Amino acid sequence: MPKRAVYDAFAAMSEADSITVDPHKVGFIQYAAGAVAMKDKRIVDLISYHAAYVFEEADDDNEEDKQVVLGSSIMEGSKAGATAAAVWAAHRLVPLNVSGYGHVIGRGIVTADWFAKKLATAEPFVVDGRRFEVRPLMHPDFHMVDFTFKEIGNDSLEAHNKLNQRIYELCSYATGRTYTKDFLTSSTSLSEEEYGQTPRIYAESRGFSENEWNTVGSVYILRSAVMTHFLRDEIRFNNYWNNLRDVFTSLLSEIIDEENKQKLAHTAA
C-alpha cells in the first residue's frame with residue numbers, strides 16, 4: 001500500500017501539463033523507450049524535428065493524401081525501430097495489468113522497502129577497529145534507494161563524501177568490468193547550488209555541523225535501483241542482505257587498506 005502522498009500524486013497526474021514516462025528501470029525496456037506525454041497538443045509543434053532525408057512531404061492540395069507523421073514529433077531526429085519493437089514485445093510478454101507489470105513493479109517496491117529498512121537499522125560495520133554506519137537518505141516511495149556510509153566519530157563532510165565516492169568507484173565500471181562486481185550502484189551529489197538548503201537536513205541528521213555544510217556545500221549519495229522481483233520472499237531477502245553485509249565489509253576493508261598504504265608511502269617519503 002503506497003503512502004497517501006504518493007497515491008495522491010499519482011491520482012493528480014491528469015492535472016499535470018506533462019508527464020515523463022521513463023521505463024528502463026522497472027519496465028526492463030531500453031533507455032530509448034522513454035516518452036513525454038503533453039496535455040496541450042500544440043507543444044508538438046515546439047518539439048518537432050523534421051528530417052528531410054527521413055520524411056516525405058504530403059500533397060497539400062489533396063486532403064485525402066495527408067498523413068499524420070508522428071515520427072517528427074520528437075526532440076531528436078530519426079529513431080531506431082528496434083525500440084518500438086522491444087516495447088511491443090515486452091508488453092505482449094508482460095501485459096500492462098495487475099498480473100503483468102503490476103505484479104513485477106509491486107514486488108520491486110516491496111523489496112526496496114525492505115532494503116531501506118535494513119539500511120535504517122543496520123548494525124555498524126567494524127573493520128580494522130574502525131566503525132562505519134550506513135543509513136538511507138529517506139524511505140523510498142518507489143524503487144530508488146539512496147544511502148550513504150559514514151565513519152562513526154569522523155564528522156568531516158569532506159571525508160564522508162570521499163568515502164562514498166570511493167565505494168561508488170569500486171561498485172561501478174570505473175574500476176573494472178561490471179560483471180566482476182558483487183554489488184553495483186550509481187551515485188549523485190546533492191549540492192547547495194542545485195538543491196539549496198534541502199540536503200543540509202540529511203547532513204545534519206548524519207551528525208555534520210552547520211559549519212561543515214557551509215564549508216563543503218554538498219553531500220555525495222549512493223543510489224540503488226531495486227529492479228529484481230525475485231526477492232519478495234523474506235527468507236531469500238534476508239540471505240541477500242547477509243551476503244550484502246559481507247560485500248560492504250569487504251569494500252570498506254579494501255578502502256581502509258588503500259588508506260593505510262597511502263599513509264605508509266607518505267611516511268616513507
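**Hairpin, surface patch and salt bridges**

Q: Where do strand 3 and strand 4 form a hairpin, and what is the phi of D128 in the turn?
A: In this predicted model, strand 3 and strand 4 form a hairpin that leaves 2 residues between them, and D128, which sits in the turn, has a positive phi of about 55°.

Q: Do they run parallel or antiparallel, and how many bridges join them?
A: Strand 3, covering residues 125-127, runs antiparallel to strand 4, and 3 bridges join the two; F125 stands opposite F132 in strand 4.

Q: And what pairs with strand 4 besides that, say strand 5?
A: Strand 5, residues 144-151, pairs with strand 4 in the antiparallel sense over 5 bridges, and the bridge partner of F132 in strand 5 is E151.

Q: Which residues of strand 4 are on the covered face, and which on the uncovered one?
A: The covered face of strand 4 (residues 130-136) consists of R130, F132, V134 and P136, while R131, E133 and R135 make up the uncovered face.

Q: How many salt bridges does the structure hold?
A: The structure holds 15 salt bridges, and one of them joins the side chains of D155 and K150 at 3.0 Å, N to O.

Q: What about D257 and K261, where do they lie?
A: Both lie in helix 9 (residues 234-268), 4 residues apart, which is about one turn of the helix, and the closest N and O atoms of their salt bridge are 3.3 Å apart. K261 counts as exposed at 55% relative accessibility, while D257 is partly exposed at 37%.

Q: Changing topic, which residues make the nonpolar surface patch?
A: F10, M13 and F142 make a nonpolar surface patch of about 290 Å²; M13 is found in the loop between helix 1 (4-11) and strand 1 (18-21), and with 36% relative accessibility M13 counts as partly exposed.

Q: And for the whole protein, how much is buried, and what is the accessible surface?
A: Buried residues make up 29% of the 269 residues, and the accessible surface comes to about 17600 Å², of which 53% belongs to carbon and sulfur atoms.

How values were computed: Residues are numbered from 1 along each chain as its sequence is written. This is a predicted model: local features need pLDDT of at least 70, side-chain atom pairs count only at pLDDT 80 or more; totals for chains, interfaces and linings use all residues. Side-chain values use heavy atoms; hydrogens and water are left out. Buried means under 20% relative accessible area, exposed over 50%, partly exposed in between (1.4 Å probe, protein chains only). Two strands pair if DSSP finds at least two bridges between them. Accessible areas come from the Shrake-Rupley method with a 1.4 Å probe; for residues, only the protein chains shown count as cover. Patches are made of residues with over 30% relative accessible area and no salt bridge: like charges are joined within 9 Å, nonpolar side chains (Val, Leu, Ile, Met, Phe, Trp, Tyr) within 5 Å. A salt bridge is a side-chain nitrogen of Lys or Arg within 4 Å of a carboxyl oxygen of Asp or Glu.
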